[in-house]
Amino acid sequence: MADAEEVSNKQVIFRDYVSGFPKESDMYMTTSTISLKVPEGSKAVVVKNLYLSCDPYMRPRMSYTTDSYIPSFKPGSVISGYGVAKVLDSGHPNFSKGDLVWGFTGWEEYTLITAPESLFKIPNNDVPLSYYIGILGMPGITAYAGFYEICSPKKGEYVYVSAASGAVGQLVGQFAKLIGCHVVGSAGSKEKVDLLKNKFGFDEAFNYKEEQDLVACLKRYFPEGIDIYFENVGGPMLDAVLANMRVQGRIAACGMISQYNLDKPVGVYNLMNIIKKQIKMQGFVAGSYFHLYPKLLEMILPHVKEGKVVYVEDIAEGLESAPQALIGLFSGRNVGKQVVLVARE
């Protein structure tokens, strides 16, 4: 193969399994080389990565685990996650050079994707490409499936969303408002609380860091109780919610970011309420709901184009910024969906 087709390829490598809070030094940059042509006879594609997604589910992948829905990262290997990319060469009948795609890729400039069947082609429409790792990607499917499929919302119900300004929470709140629910969200800074009320249209919002007593706080915002809780944080917040749920309330357990960095998880004490109040609590992962993707697009694209649903992103520039951007999720440094811009088309 001609040398001209080999190019240098900057990569983010996972150093070793992590316990406690992850650090930037748990990852490191390296440069290797890659051929921009797919191997003869293979059905692979070679892509140029444009945007990478930083998501909380990536933290459990940094610990050694054998019983998760997604495998751990391998020490010494490239970090992987959702991204938006451009096809440079394809051995697969579904993809051609120049196609824009989103799906699982490597944290590097170029990636050889050996099983491209799971990639989604991006149609020509006038929305930012980065939306395909956010509102029109995995977080969008997560919000759509968790809220509509698991919570079965009805007009007038009381909805509470934790981590409400994040990639998923900001959408759940807006979906709830579209149906006519009363929505309250929590976040960890004044700036985020203002966003919830002024940009995303939540009825109320509060900074959980300023509340001494979460049970009393939720009682204040939900004097009638909570019908639907979209769970993103776990721990003491889940406990406080259980004490404030209404009869036949629903909890969609999407994530528990307060627990990801703990060696010993925090217990929950108010579980009796699940029986007394006939609460349904269901965990779910986005991967089980990708079949709903066409429904999500059909529902959301008109709203996005009319400005009825908005999406806030926090964009870090350059592959080198990816480790810091990922670590920042766990101290709430990001405002909105955390994206890494690797290259412009």
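**Helix α1 and its surroundings**

Guide: Helix α1 and helix α7 (residues 293-306) pack with their axes 10 Å apart, at an angle of about 90 degrees. An angle of 65 to 115 degrees counts as roughly perpendicular, and α1 and α7 are therefore roughly perpendicular to each other. This is a predicted model, and every value here is computed from it.

Which residues of α1 and α7 make the contact? From α1 come Gly140, Ile141, Tyr144, Tyr148 and Glu149. From α7 come Tyr293, Lys295, Leu296 and Met299. Sorted by class, this contact of α1 with α7 has six nonpolar residues, one polar and two charged.

Now turn to the other helix partner. Helix α1 spans residues 138-151, and helix α2 spans residues 169-179. Their axes come within 9 Å and cross at roughly 45 degrees. The crossing of α1 past α2 is right-handed. On the α1 side, the contact uses Pro139, Gly140, Ala143, Tyr144, Phe147 and Tyr148. On the α2 side, it uses Leu171, Val172, Phe175, Ala176 and Ile179. By class, the contact of α1 with α2 has 10 nonpolar residues, one polar and no charged ones.

Gly140, Tyr144 and Tyr148 are listed in the contact with α2 and also in the contact with α7.

Threonine 142 sits in α1. Is threonine 142 buried or exposed? Its relative accessibility is 5%, so threonine 142 counts as buried. Set aside neighbours within four places in sequence, and threonine 142 is in contact with Val168, Phe230, Cys254, Phe284 and Ala286. Take cysteine 254 from that list. Threonine 142 and cysteine 254 are 112 residues apart in sequence, yet 7.7 Å apart in space, C-alpha to C-alpha.

Alanine 286 lies in the loop between β13 and α7. At 11% relative accessibility, alanine 286 counts as buried, because buried means under 20%. Leave out residues up to four places away in sequence, and alanine 286 touches Met138, Ile141 and Thr142.

How many aromatic pairs does the structure hold? The structure holds 21 of them. One is formed by phenylalanine 14 and phenylalanine 73. Their rings are 5.6 Å apart, centre to centre, with 55 degrees between the planes, and the pair is tilted. This pair links distant parts of the chain, 59 residues apart. Phenylalanine 14 is in strand β1 (residues 6-14), while phenylalanine 73 is in the loop between β3 (45-53) and β4 (80-90). Phenylalanine 14 has a relative accessible area of 0%, so it is buried. Phenylalanine 73 is buried as well, at 3%.

Tyrosine 17 and tyrosine 64 form another pair. Their ring centres are 5.3 Å apart and their planes lie at 70 degrees, so the pair is edge-to-face. This pair also links distant parts of the chain, 47 residues apart. Tyrosine 17 is in the loop between β1 and β2 (27-35), and tyrosine 64 is in the loop between β3 and β4. Tyrosine 17 is partly exposed, with a relative accessible area of 35%. Tyrosine 64 is exposed, at 57%.

Alanine 163 is not a glycine, but has a positive phi of about 45 degrees. Alanine 163 is placed in the loop between β8 (158-161) and α2. At 31% relative accessibility, alanine 163 counts as partly exposed. Glutamine 278, also not a glycine, has a positive phi of about 50 degrees. Glutamine 278 is in the loop between α6 (272-276) and β13 (280-283). Its relative accessible area is 48%, so glutamine 278 is partly exposed.

Definitions and conventions:
Residues are numbered from 1 along each chain as its sequence is written. This is a predicted model: local features need pLDDT of at least 70, side-chain atom pairs count only at pLDDT 80 or more; totals for chains, interfaces and linings use all residues. Side-chain values use heavy atoms; hydrogens and water are left out. Axes are lines fitted to C-alpha atoms, for helices over the stretch in contact, and angles run from 0 to 180 degrees between N-to-C directions. Helices (H or I, at least four residues) and strands (E, at least two) are DSSP runs, numbered from the N terminus. A crossing is left-handed if the near helix is turned anticlockwise from the far one by less than a right angle, and right-handed if clockwise. Contact means heavy atoms within 4.5 Å. Ala, Val, Leu, Ile, Met, Phe, Trp, Tyr, Cys and Pro count as nonpolar, Asp, Glu, Lys and Arg as charged, and the others, Gly among them, as polar. Rings of Phe, Tyr and Trp (its six-membered ring) pair if their centres lie within 6.5 Å; planes under 30 degrees apart count as stacked, over 60 as edge-to-face and the rest as tilted. Buried means under 20% relative accessible area, exposed over 50%, partly exposed in between (1.4 Å probe, protein chains only). Angles under 35 degrees count as roughly parallel, over 145 as roughly antiparallel, 65 to 115 as roughly perpendicular and the rest as oblique.
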